[in-house]
Amino acid sequence: MKRGEEFPDLAVDSVMGSPHSALLGSEFVGFDAETATATMRFTVNTAMTTWRGGVQGGLVAGYLDDVMGYAYVAATDGEQAPLNLEISMQLLGLIPVGATIIGKGRVVRGGRRVIFLEAELLSEEGQVLARATSTAIPTARPVPPPEAGE
């Protein structure tokens, strides 16, 4: 079995159960184990935007961080998650309210002590809207708390 093949179920559970996912409008699309690349789809809701009608810059970083994180979680078969030390981001275009954007996150190098990640956000037409790189450290993947009443 190729590394990451079992990840889609894990990813769907994580995306559905993570509180930030509703805010980001996250949907896990898939993971390519060969290139260590995760693909996600985000639907931009009004709460993410400024008076200009585009996503606020710090929140753009949230989309990029999310897809880079899922790439690393998938590459480690759900055993680890990255803890960012640094993120560098470039905004290349306005991300409008109501847009559906595609995130591509990739593990550039995953070492025992340092991880290098990168990501892009694309319009549905393929235009690059933002990109980022991250330096992170590997940590044990957090386990969601049990549901109330279980």
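Among contacts in the protein chain (heavy atoms within 4.5 Å) between residues at least 6 apart in sequence, 63% join residues at least 24 apart. The model is predicted, so local features need pLDDT of at least 70 and side-chain atom pairs count only at pLDDT 80 or more, while totals for chains, interfaces and linings use all residues. Residues are numbered from 1 along each chain as its sequence is written, and side-chain values use heavy atoms, with hydrogens and water left out.

The protein chain has 3 helices and 6 strands, where helices (H or I, at least four residues) and strands (E, at least two) are DSSP runs numbered from the N terminus. Along the sequence these elements follow the pattern α-α-β-β-α-β-β-β-β. Of the 150 residues, 39% count as buried, a term that means under 20% relative accessible area, with exposed over 50% and partly exposed in between (1.4 Å probe, protein chains only). The accessible surface of the protein chain, from the Shrake-Rupley method with a 1.4 Å probe, comes to about 8,500 Å², and 53% of this belongs to carbon and sulfur atoms.

Helix H3 covers residues 57-75, and at 1.5 Å a residue its 19 residues should span 27 Å, which agrees with the 28 Å between its end C-alpha atoms; the expected span is 1.5 Å times one less than the number of residues. Because 14 of the 19 residues of H3 are buried, the helix is largely enclosed by the rest of the structure. At the start of H3, a side-chain oxygen of glutamine 56 reaches to within 2.8 Å of the backbone nitrogen of glycine 58, and after the helix comes aspartate 77, whose phi is positive, near 55 degrees.

The whole structure holds 2 aromatic pairs, counted when rings of Phe, Tyr and Trp (its six-membered ring) have centres within 6.5 Å, with planes under 30 degrees apart called stacked, over 60 edge-to-face and the rest tilted. In one of them, the rings of phenylalanine 28 and tyrosine 70 have centres 6.4 Å apart and planes at 55 degrees, so the pair is tilted. Since phenylalanine 28 lies in strand S1 (residues 26-32) and tyrosine 70 in helix H3, the pair ties together parts that are 42 residues apart in sequence.

| Residue | Relative accessibility |
|---|---|
| Phenylalanine 28 | 9% |
| Tyrosine 70 | 8% |
| Glycine 69 | 14% |

Glycine 69 lies in helix H3, and its C-alpha atom is separated by 6.1 Å from that of proline 82, 13 residues apart along the chain.

Notes. Polar contact = N/O pair within 3.5 Å; in protein donor to acceptor, adjacent residues only side chain to side chain.
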